[in-house]
Amino acid sequence: MVEVTLRSVRNFILKSISTSFPSGKLSVILGPNGAGKTTLLKVIAGLVDYEGSVCFDGECVDELPPYERGVSYVPQSNALFANMTVWDNIAFGLRIRGFNEEYTRKKVKELIEMFSLGSVAHRYPVTLSGGEARKVALARALAVDPKVLLLDEPFTNLDVETRAAVEQEVMMTVKKLGRTVLLVTHTIEKAVVNAEKLHILWGGELLFSGRLSELSTEVLPEDVRYWLGSIIEVDGFYHDEGLCYAEVNGFKIPVTCVREVRRFRKVLIPAAAVKICRKGWLKGKVVSTGRSRTYFRVSVRLGDAVIYAITPIQLKSGEVVSLRISEAIPLGD
């Protein structure tokens, strides 16, 4: 386990990134497509050119080639070897590093059991489901005991049911192993639920790096606020018929159920989860409006809170509107 530190890292996309990723923790890099998230992972892995410094536990690795950095990178495509079985894919890194066959068999068997891949161990990648292929790619990455594990959008291109199951299994496994893990995602919910430290990238710039409890959308640029959403304090949480809700100024808002939800004091309401409509159980007053290509950006005051939304409806400041909020995400520490 190592702490990864970036010092003024820059290249054709990244703009002087300086931050750190704590040892043994899961750090999430959040941003829209084109923000530079994948490029940042490739910089740490040594796969693209850059200026500045990448350091592991204070020791810079800029002069080291990728295979000497002790990093495993799992790309979005999985990059499994089509001519190898699942077993041989997982064993590949061990064999090219010269580990003996007894150790290799033991390690591969352990990972196959860990990810429940026994039934597909002797099959080829073309026969695997998306979830199975993703688990094979992760098992192969862990086989070489990397200092740092880099995961690039690990749950994309999976159907909803498979994605939920694979995400739960992978996250439990990764956290149990205690590795230094950097996970890239453009999905706000995945970032907030999984992150032990959150980093927000936008146009190659690092806009935020810290604990979730330190995040405030008010200090972010307008474009980011209307993408990320609103962070508001809640009066409390409660369950009703198996569903979770937050109470805000007397209003009831559905929230993503997480363990110990009652201990949370804030929620993130993604702008995409807010709909302005003619009929809704929440009433608010328009504070400001602005145009964004074919849509309008609207901020609405709901009691003491301000909610950000994007809508095709042109509104005026001072108008009273109805809101429907489909989801809020509890923010922990």
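Select Arg-297 to start: at 13% relative accessibility this residue is buried, where buried means under 20% relative accessible area, exposed over 50%, and partly exposed in between, with a 1.4 Å probe and protein chains only. The model is predicted, so local features need pLDDT of at least 70 and side-chain atom pairs count only at pLDDT 80 or more, while totals for chains, interfaces and linings use all residues. Residues are numbered from 1 along each chain as its sequence is written, and side-chain values use heavy atoms, with hydrogens and water left out.

**Stop 1**

Helices (H or I, at least four residues) and strands (E, at least two) are DSSP runs, numbered from the N terminus. Glu-222 is partly exposed, with a relative accessible area of 43%.

**Stop 2: Arg-179 and Asp-145**

Next, select Arg-179 and Asp-145, whose side chains meet in a salt bridge of 3.0 Å, N to O. This pair also links distant parts of the chain, 34 residues apart. Arg-179 sits in the loop between helix H5 (160-177) and strand S8 (180-185), and Asp-145 in the loop between helix H4 (130-143) and strand S7 (148-152). Asp-145 has a relative accessible area of 34% and is partly exposed.

Now extend the selection to Lys-107 and Glu-110. Salt bridges with shared partners join these two residues, Asp-145 and Arg-179 into one network.

**Stop 3: Asp-88 and Arg-95**

Move to Asp-88 and Arg-95, where the side chains form a salt bridge at 2.9 Å, N to O. Is Asp-88 buried or partly exposed? At 26% relative accessibility, Asp-88 counts as partly exposed. Arg-95 is partly exposed as well, at 35%. The structure holds nine salt bridges.

**Stop 4: two backbone angles**

Select Ser-16, in the loop between strand S1 (4-10) and strand S2 (17-21). Ser-16 is not a glycine, yet its phi is positive, about 50°. The residue is partly exposed, with a relative accessible area of 43%.

Finish at Ala-79, in the loop between strand S6 (71-74) and helix H2 (86-96). Phi of Ala-79 is near 55°, a positive value in a residue other than glycine. At 39% relative accessibility, Ala-79 is partly exposed.

Note on methods: Salt bridge = Lys/Arg side-chain N within 4 Å of Asp/Glu carboxyl O.
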